[in-house]
Amino acid sequence: QVQLVESGGGLVQAGGSLRLSCAASGRTFSTYSMGWFRQAPGKEREFVARISWGGVPGYTDSVKGRFTISRDNAKKTVYLQMNTLKPEDTAVYYCAADETVVLPSRPRFWGKGTLVTVSS
């Protein structure tokens with residue numbers, strides 16, 4: 001079992017940057033695949049980025065080149081650096097984890113989310 005707590009959300013102007021953090025509990029963080037999903041108002045939750053045990057990242061097309069996911073196993077934390085933000089990035093961002101090498105489309109563990117609002 002792992003608990004996830006997100007932080008770093010807020011209000012930013014278009015073109016700006018934010019860094020989200022997700023702190024995890026549990027002894028075996030290094031063996032969890034981690035990732036981020038988001039849910040915009042009136043839309044379904046969607047995949048944003050993931051990072052495997054070994055640190056291999058993956059991104060949805062709309063954030064490639066703008067977002068970077070990383071993990072610090074010593075701190076049991078995963079990060080999402082978001083640059084060149086757009087109003088369409090506005091959403092609640094959720095951290096997710098699973099006991100798999102690569103994060104599945106429906107991870108077992110979820111945080112409660114952090115709100116990112118990008119103004120135009």
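Biologist: What makes Lys64 and Asp61 a salt bridge?

Modeller: In this predicted model, the closest N and O atoms of Lys64 and Asp61 are 3.0 Å apart. A salt bridge requires a side-chain nitrogen of Lys or Arg within 4 Å of a carboxyl oxygen of Asp or Glu, so the pair qualifies.

Biologist: Why is Asp61 called exposed, and why is Lys64 called partly exposed?

Modeller: Exposed means over 50% relative accessible area. Asp61 has 60% and is therefore exposed. Lys64 has 48%, which lies between the limits of 20% and 50%, so Lys64 counts as partly exposed.

Biologist: What ties together the loop that holds Arg66 and the loop that holds Asp89?

Modeller: The side chains of Arg66 and Asp89 meet in a salt bridge, at 2.8 Å from N to O. Arg66 lies in the loop between E6 and strand E7 (67-72), and Asp89 in the loop between strand E8 (77-82) and strand E9 (91-98), so the pair connects parts that are 23 residues apart in sequence.

Biologist: Which residues of the largest pocket lie nearest its centre?

Modeller: They are Arg38, Ala40, Lys43, Glu46 and Glu88, from a lining of 13 residues. That lining divides into two nonpolar, three polar and eight charged residues.

Biologist: How do you know that Trp53 is partly exposed?

Modeller: Its relative accessibility is 37%, between 20% and 50%, so Trp53 is partly exposed. Trp53, Val101 and Val102 make a nonpolar surface patch of about 260 Å².

How values were computed:
Residues are numbered from 1 along each chain as its sequence is written. This is a predicted model: local features need pLDDT of at least 70, side-chain atom pairs count only at pLDDT 80 or more; totals for chains, interfaces and linings use all residues. Side-chain values use heavy atoms; hydrogens and water are left out. On a 1 Å grid over the protein atoms alone, a cavity is a set of points where a 1.4 Å probe fits but cannot get out, and a pocket is an open set with protein on both sides within 12 Å along at least five of seven lines; lining residues have an atom within 4 Å of a point. Ala, Val, Leu, Ile, Met, Phe, Trp, Tyr, Cys and Pro count as nonpolar, Asp, Glu, Lys and Arg as charged, and the others, Gly among them, as polar. Patches are made of residues with over 30% relative accessible area and no salt bridge: like charges are joined within 9 Å, nonpolar side chains (Val, Leu, Ile, Met, Phe, Trp, Tyr) within 5 Å. Accessible areas come from the Shrake-Rupley method with a 1.4 Å probe; for residues, only the protein chains shown count as cover. Buried means under 20% relative accessible area, exposed over 50%, partly exposed in between (1.4 Å probe, protein chains only). Helices (H or I, at least four residues) and strands (E, at least two) are DSSP runs, numbered from the N terminus.
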